[in-house]
Amino acid sequence: MDNKDATLQLGTRPVGKLLLQYAMPAIVAMTAASLYNIVDSIFIGQGVGPLAISGLAITFPFMNLSTAFGAAVGVGASTFISMKLGQKDYKTAESILGNTVTLNLIIGIAFSVVCLLFLDPILKFFGASEATLPYARDYMVIILVGNVFSHMYFGMNAVLRAAGKPRQAMYATIVTVVMNTMLDYVFIMLFGWGIQGAAYATVLAQVMALIWQLRIFSNKQELLHFERGIYRLRSALVRNIIGVGISPFAMNVCACVVVIFINQQLVRYGSDLDVGAYGIANKVSFVFLMFVLGVNQGMQPIVGYNYGAQKIDRMIHVVKLSIIAATLIMTTGWLIAMFMPYYCARLFTKDPTLIQLGMKAIRISMVLFPLIGSQMVITFFFQSIGKVRVSIFLSLSRQLIFLLPALAVFPLFRGVDGVWYAMPFADGFAASIAAVIMLFNVKKFKKQHKELQYGEQEDDH
């Protein structure tokens, strides 16, 4: 089967089989990606110490901010490519590939330069204390130097999925995880490079995967491939890429702001170890969030293609299946958080105080986890069909409308516990709003579909 036939199947093959075909590699890839982050934390916690875990937690806003810029290009480009493939506009899809490469280079380099110039003040603003600042600085200097490779790696993986190559995207992620784990052990445990060893392992693993991705797109037999003339930025394409990518960008920027505020509140009402506990809870929840992101990434090309081809019934069907899958995943996460928090926390540290704080953080922050899956799918759905305003609103509702005010108010009455309780409070309200908006729009889509079918019947007569 050639590449063109593979993309055409997005509009003809049974939706359930398609979602399984596209989501399973993405889930495996996202699981690997979550392990990627967890492996660093485990080696740092066990091989360096509890304060190093707290220092690593301070870097979360940096990672979210870097992801925000990467998502603005990668997710925007992949969504735009899926829609163009659905419209059989292969030439424009190839130009989007070239513009994606150029944008990743420009943004990746610019982000690194600016952040390196102001690294210490930024880390202190993020919540670093005198004790955790050296660890955070040592880690981020290396990550920022290699940031352009990270941007390119994530961008190319998103395009691979949109181009009908979910398995190749999965393989690229697995390569990074395997190499990162091996290099973590060598650099931290054998060479004794500490937290810097984890950063070197991360960058080198992504460079290896990126080389393989670039080799795939250099193959002239591929439907989308590198060729002369596609790298020059075209304003119309850039506007569309950023226009769609602005939603995940806003979501990740908000996540950055929220993590900064959480770290500041934890230091104000608790201690550096509370920041470390948040880092542990974040890593545990991240595994299941990445599972759902895998479902979303499997859903995205199917939704984008069928929306572009005006096959509304297929589009709605795949969203329903994705919501069911996401809810089951997050319920599994909830069960582990409620009944196995000790084993989760112990994985990252031997320190008994940090283990107890980590258990508490895991249980409270994940108490409404079963509701989050549907909210994530619904947000990603509107992003996948180019409805940017709705997607941005849903992205921001949890972070800005509910979570930030709760983080400011709850600790005034409950101290450090108020920081933890603010998270499920925001989850519940955000999920409810997403469900209402989705139900309204499903009715609207079904009405449009009936009108379209009626118009086609009139034309036949």
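Residues are numbered from 1 along each chain as its sequence is written, and side-chain values use heavy atoms, with hydrogens and water left out. In this predicted model, local features require pLDDT of at least 70 and side-chain atom pairs pLDDT 80 or more, whereas totals for chains, interfaces and linings use all residues.

The protein chain contains 18 helices and zero strands (DSSP runs, H or I of at least four residues for helices and E of at least two for strands, numbered from the N terminus). Its C-alpha trace spans about 75 × 45 × 35 Å along the principal axes. Of the 461 residues, 57% are buried (under 20% relative accessible area, 1.4 Å probe, protein chains only). Among contacts (heavy atoms within 4.5 Å) with a separation of 6 or more, 81% join residues 24 or more positions apart.

Helix α9 covers residues 166–190 and has 25 residues. From first C-alpha to last, α9 reaches 35 Å, close to the expected 36 Å (1.5 Å times one less than its number of residues). The buried residues of α9 include Ala-169, Met-170, Thr-173, Thr-176, Val-177, Asn-180, Leu-183, Asp-184 and Phe-187. An α-helix has 3.6 residues a turn, so residues three or four places apart point the same way. Just after α9, Gly-192 adopts a positive phi of about 70°.

Key: Buried means under 20% relative accessible area, exposed over 50%, partly exposed in between (1.4 Å probe, protein chains only).
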